[in-house]
Amino acid sequence: MSFKIVSIETAFPKKFEYLNNKKSSKTNKIIDATGINKRYISSPNENIISLSVISAKKSLKKINKNKIGFIIFVTQTSPYKLPTAACIMQNQLGLSENV
């Protein structure tokens, strides 16, 4: 049995702010240490699941969803304990229950 990654996509919240607009030693340390100068802020109707579904739909445009054998989904910020975020995504994407 072999596996391959056929697509990786991203989705970000619409709202963001630049860290260099906030003058503090903490934000300066973040910018200096990581080079990250932008922070995304989710709206009340955006969460890890909704953003992941958006990115997954981009991938599904490139492949036949009936050929998907499994989904790898890892998060520490799921809005629910049960059902898992992966199960919610599977349902919202209309994937086989055998995935």
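A residue is called buried when its relative accessible area is under 20%, exposed when it is over 50%, and partly exposed in between, as calculated with a 1.4 Å probe on protein chains only. The structure described here is a predicted model, in which local features need pLDDT of at least 70 and side-chain atom pairs count only at pLDDT 80 or more, while totals for chains, interfaces and linings use all residues. Residues are numbered from 1 along each chain as its sequence is written, and side-chain values use heavy atoms, with hydrogens and water left out.

Two salt bridges are counted, a salt bridge being a side-chain nitrogen of Lys or Arg within 4 Å of a carboxyl oxygen of Asp or Glu. One of them joins lysine 62 to glutamate 9, with the closest N and O atoms 2.3 Å apart. Because lysine 62 belongs to the loop between H2 and helix H3 (85-92) and glutamate 9 to the segment before S1, this pair ties together parts that are 53 residues apart in sequence; helices (H or I, at least four residues) and strands (E, at least two) are DSSP runs, numbered from the N terminus. Lysine 62 is exposed, at a relative accessible area of 54%, whereas glutamate 9 is partly exposed, at 25%. In the other bridge, arginine 39 pairs with glutamate 17, and the closest N and O atoms are 2.7 Å apart. This pair links distant parts of the chain, as arginine 39 is in strand S2 and glutamate 17 in strand S1, 22 residues apart. Arginine 39 is partly exposed, with a relative accessible area of 41%.

Serine 7, which is also placed in the segment before S1, is in contact (heavy atoms within 4.5 Å) with Ser59 and Lys62, when residues up to four places away in sequence are not counted. Its side chain makes a polar contact of 2.7 Å with the side chain of serine 59, where a polar contact is a pair of N or O atoms within 3.5 Å and, within protein, one must be able to donate a hydrogen and the other to accept it, residues adjacent in sequence counting only if both atoms are side-chain atoms.

Three aromatic pairs are present, rings of Phe, Tyr and Trp (its six-membered ring) being paired if their centres lie within 6.5 Å, with planes under 30 degrees apart counted as stacked, over 60 as edge-to-face and the rest as tilted. The rings of phenylalanine 12 and tyrosine 40 are stacked, because their centres are 4.7 Å apart and their planes stand at 25 degrees. Since phenylalanine 12 lies in the segment before strand S1 (15-18) and tyrosine 40 in strand S2, the pair ties together parts 28 residues apart in sequence. The rings of phenylalanine 16 and tyrosine 18, with centres 5.4 Å apart and planes at 85 degrees, are therefore edge-to-face. Ring pairs link Phe12, Phe16, Tyr18 and Tyr40 into a cluster.

Glutamate 46, in the loop between strand S2 (38-41) and helix H2 (48-60), is buried yet has no salt bridge, the nearest side chain of opposite charge being that of lysine 14, 4.8 Å away; Lys and Arg count here as positive and Asp and Glu as negative, with His and the chain ends not counted.
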